[in-house]
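Please consult the sequence and the structure shown here.

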Amino acid sequence: MTTESHSAAEIPARLNLVREEIRLACEGADRPADAVELVAVSKTVPAAAIEDAIEAGQCVFGENRVQEAHAKWPALKELHAGIELHLIGPLQTNKVKDAVALFDVIQTVDRPKLARALAEEMERTGKRPGCFVQVNTGEEPQKAGVAPDDVAEFVELCRETFNLPIMGLMCIPPFDEEPAMHFALLAKLADELGLSDLSMGMSGDFETAIAFGATYVRVGTAIFGERVLLE
Ligand SMILES: *Cc1c(COP(=O)(O)O)cnc(C)c1O
């Protein structure tokens, strides 16, 4: 797992550019500049490069694998106060314990078995990371997430039965489709359910996502450079 990351000097510059693009997108959408939180996606990025981003003032990060995050982040969190770590990849129930211990936000809640396991671990430990329900807006068979038609029922289960701290909805649109319709669908679903947070938009489309109401954008490549291994 390696990343052809930008040189140390480049990461702060890239980060500032992304921040400026977020600011402009907020302005264009008539939204306040602080309406959108940047989640810097540091999967495959070595700790040294992550530290460059932290030193440039970034404190919210996303990882997609529990095991990789577990190898990198306890030490980084120890060194740097105020880090907020998001899990943005699939979560197996046998990793729930590690995930609840390490992550501050879990964006990929997508099935009753996982919701139950998270509820039990939160009950056991008293640690309650914020949760997003992942929605498979493109209804792609190979992709994780709840089908749009099932979101209302699943969110109710998470809230009522499991008392999970559901913040909002998250989606990863299909590669080969216009993301705008997916962002619009996610925003509509969240609105119907009275959920205020929307995690949507990546390096290629975060400006569009902001126009559709994203409150969290997940940006990796534009900050850290191309990943060598495809996810
Ligand atoms: C890798 C990843 C991202 C970041 O993608 P970039 O195109 O590198 O910005 C965002 N969200 C999820 C779920 C990811 O796995």
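The points below are grouped by topic.

This is a predicted model, in which local features need pLDDT of at least 70, side-chain atom pairs count only at pLDDT 80 or more, and totals for chains, interfaces and linings use all residues. Residues are numbered from 1 along each chain as its sequence is written, and side-chain values use heavy atoms, with hydrogens and water left out.

**Ligand site**

- Polar contacts are pairs of N or O atoms within 3.5 Å; a polar side-chain atom of Ser-203 lies 2.5 Å from a ligand oxygen atom.
- The side chain of Thr-221 has an N or O atom 2.5 Å from an oxygen atom of the ligand, and for Arg-227 the corresponding distance is 2.9 Å.
- Of the 390 Å² that the ligand exposes when taken alone, the protein buries 89% (Shrake-Rupley method, 1.4 Å probe).

- Lys-43 lies in the loop between β1 (37-41) and α2 (47-55), with helices (H or I, at least four residues) and strands (E, at least two) taken as DSSP runs numbered from the N terminus.
- Lys-43 is buried at 13% relative accessible area (buried means under 20%, exposed over 50%, partly exposed in between; 1.4 Å probe, protein chains only).

**Positive phi values**

- Most residues other than glycine have a negative phi.
- Thr-44 has a positive phi of about 65 degrees; this residue is in the loop between β1 and α2 and is buried at 4% relative accessibility.
- Glu-139 has a positive phi near 45 degrees and is exposed, at 54% relative accessibility.

**Aromatic pairs**

- The structure holds 2 aromatic pairs (ring centres within 6.5 Å; planes under 30 degrees apart are stacked, over 60 edge-to-face, the rest tilted; for Trp the six-membered ring is used).
- Phe-61 and Trp-73 have ring centres 5.0 Å apart and planes at 45 degrees, so the pair is tilted.
- Phe-61 belongs to strand β2 (residues 60-63) and Trp-73 to helix α3 (residues 66-79), so the pair ties together parts 12 residues apart in sequence.
- Phe-132 and Tyr-216 have ring centres 5.7 Å apart and planes at 85 degrees, so this pair is edge-to-face.

Terms used. Polar contact = N/O pair within 3.5 Å; in protein donor to acceptor, adjacent residues only side chain to side chain.
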